[in-house]
Amino acid sequence: MNLDNIRIVLVHTSHPGNIGAVARAMKNMGIGKLSLVAPRQYPDEQANWRAVSAVDVLESAIVTETLEDAIASCQFVVGTSARGRRIPWPLLDPRQCAERIAPATGHGEVAVVFGREDRGLTNDELQLCNLHLNIPTSEDYSSLNLAMAVQVVCYELRMLKVFPGLPTRDAEQWDTPFSNSENMEHFYTHLEETLVDLEFLDPAAPRQLMSRMRRLYSRVRLDAMELNILRGILTQTQKWVTKARKQ
Ligand code: SAH
């Protein structure tokens, strides 16, 4: 587990105090990379006040306009959610997630994404992720305070660093780097265009097709070479569709 390759991403946080509390929760566990997607009120004195001795985490935080920008260079993305969604994604608890994150940190950056205090993450945002993390709670009240949720997740990541258990085999021994989020987004755009060209996807009634395609490919995790091959197949398919139309 390389904690330096973990990036905590907060989406549209309303309360600067929560941002400060997140910085503290992270630093306590030895995690220092923070990204803030369009925070409502930031920088702010309340954030510094709640961060206490973790102001350095705030000072080095990266602020972006969109979630896509924040995770562009990440090879593995985990979204957190307090409740189940319409298209169920692979859903793990923080301990299981830490076990998936640990080998991924050997290769490149991993993002763990947290949502808005009032509404969490949108379905579109969750669909940018490889895995979904849910902290098991009482059925009576499933929504934790944002910084508390970050604390639980960072604690499990730290525990796995301190007590690594048996070495994980899969991803650590992969020969080609995994695709990052930015390239995956280009692929999904290209796939969608091609499916429209083929008249397999009707833009007027797309249903859940692209969500299901996203779920499929994020479950597999494409490496850079596999992604290039698929892009090549799409380009060739589009060429043939154009040719066939001319005839
Ligand atoms: N009402 C929102 C909850 C937002 S809580 C909703 O129903 O989605 C703010 C953020 O804290 C969430 O977006 C998530 O990132 C995190 N969080 C809170 N409770 C959580 C839980 N039980 N499991 C995982 N993440 C949680």
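Visitor: How far from an oxygen atom of the ligand does a polar side-chain atom of Thr80 lie?
Guide: The distance is 2.5 Å between the polar side-chain atom of Thr80 and that oxygen atom of the ligand. Please keep in mind that this is a predicted model.

Visitor: And Arg83, how far is an N or O atom in its side chain from an oxygen atom of the ligand?
Guide: In the case of Arg83, an N or O atom of the side chain is 2.7 Å from an oxygen atom of the ligand.

Visitor: What about a nitrogen atom of the ligand: which residue has a polar backbone atom 3.2 Å from it?
Guide: That residue is Asp118, whose backbone supplies the polar atom.

Visitor: How much of the ligand does the protein cover?
Guide: On its own, the ligand has 550 Å² of accessible area, and the protein covers 93% of it.

Visitor: How many residues surround the ligand, and which are the closest?
Guide: The ligand is surrounded by 21 residues. The closest are Thr80, Arg83, Ile135, Ser142 and Leu144.

Visitor: Where does the ligand sit?
Guide: The ligand is found in the largest pocket.

Visitor: Changing topic: how many salt bridges does the structure hold?
Guide: There are six salt bridges in the structure. One of them joins the side chains of Glu109 and Arg7, with 2.7 Å from N to O.

Visitor: Which residue meets Glu125 in a salt bridge?
Guide: The partner of Glu125 is Arg116, and their side chains are 2.9 Å apart, N to O. Both Glu125 and Arg116 are buried.

Visitor: And which residue forms a salt bridge with Arg245?
Guide: The side chain of Arg245 meets that of Glu199, at 3.7 Å from N to O. This pair links distant parts of the chain, 46 residues apart. Arg245 is in helix H10 (residues 224–246), and Glu199 is in the loop between helix H8 (181–197) and helix H9 (209–220).

Visitor: Is Glu199 buried or exposed?
Guide: Glu199 counts as exposed because its relative accessibility is 65%, and exposed means over 50%. The backbone of Glu199 also deserves mention: its phi is positive, about 60°, although Glu199 is not a glycine.

Visitor: Let us look at Ala38. What is its phi, and where does Ala38 lie?
Guide: Ala38 has a positive phi of about 35°, although it is not a glycine. Ala38 lies in the loop between S2 and H2. With a relative accessible area of 26%, Ala38 is partly exposed.

Visitor: What about Pro43: where is its place?
Guide: Pro43 has its place in the loop between strand S2 (33–37) and helix H2 (45–51). A cis peptide bond joins Tyr42 to Pro43, and its omega is about 0°.

Visitor: Now the glycines. Where is Gly20, and is it buried or exposed?
Guide: Gly20 lies in helix H1. Gly20 is buried, with 0% relative accessible area. The C-alpha atoms of Gly20 and Asn48 are separated by 5.8 Å, although the two residues are 28 residues apart along the chain.

Visitor: And Gly84: where is it found, and is it buried or exposed?
Guide: Gly84 is found in the loop between strand S4 (76–80) and strand S5 (91–92). Gly84 is exposed, with a relative accessible area of 66%. From C-alpha to C-alpha, Gly84 and Asn134 are 8.7 Å apart in space, and in sequence they are 50 residues apart.

Visitor: How far apart in space are Met26 and Asn134?
Guide: Their C-alpha atoms are 18 Å apart in space, and Met26 and Asn134 are 108 residues apart in sequence. Met26 has its place in helix H1 (residues 16–28). With a relative accessible area of 0%, Met26 is buried.

Methods:
Residues numbered from 1 in each chain as written. Predicted model: local features only at pLDDT ≥ 70, side-chain atom pairs only at ≥ 80, totals over all residues. Heavy atoms only, no water. Salt bridge = Lys/Arg side-chain N within 4 Å of Asp/Glu carboxyl O. Buried < 20%, exposed > 50% of the residue type's maximum accessible area, 1.4 Å probe, protein only. Helix = DSSP H or I, 4+ residues; strand = E, 2+ residues; numbered from the N terminus. Near = heavy atom within 4 Å. Polar contact = N/O pair within 3.5 Å; in protein donor to acceptor, adjacent residues only side chain to side chain. Areas by Shrake-Rupley, 256 points an atom, 1.4 Å probe, with all protein chains shown as cover. 1 Å grid on protein atoms, 1.4 Å probe; cavity = no way out; pocket = protein on both sides within 12 Å on 5 of 7 lines; lining within 4 Å. Sits in = over half its atoms within 2 Å of the grid points.
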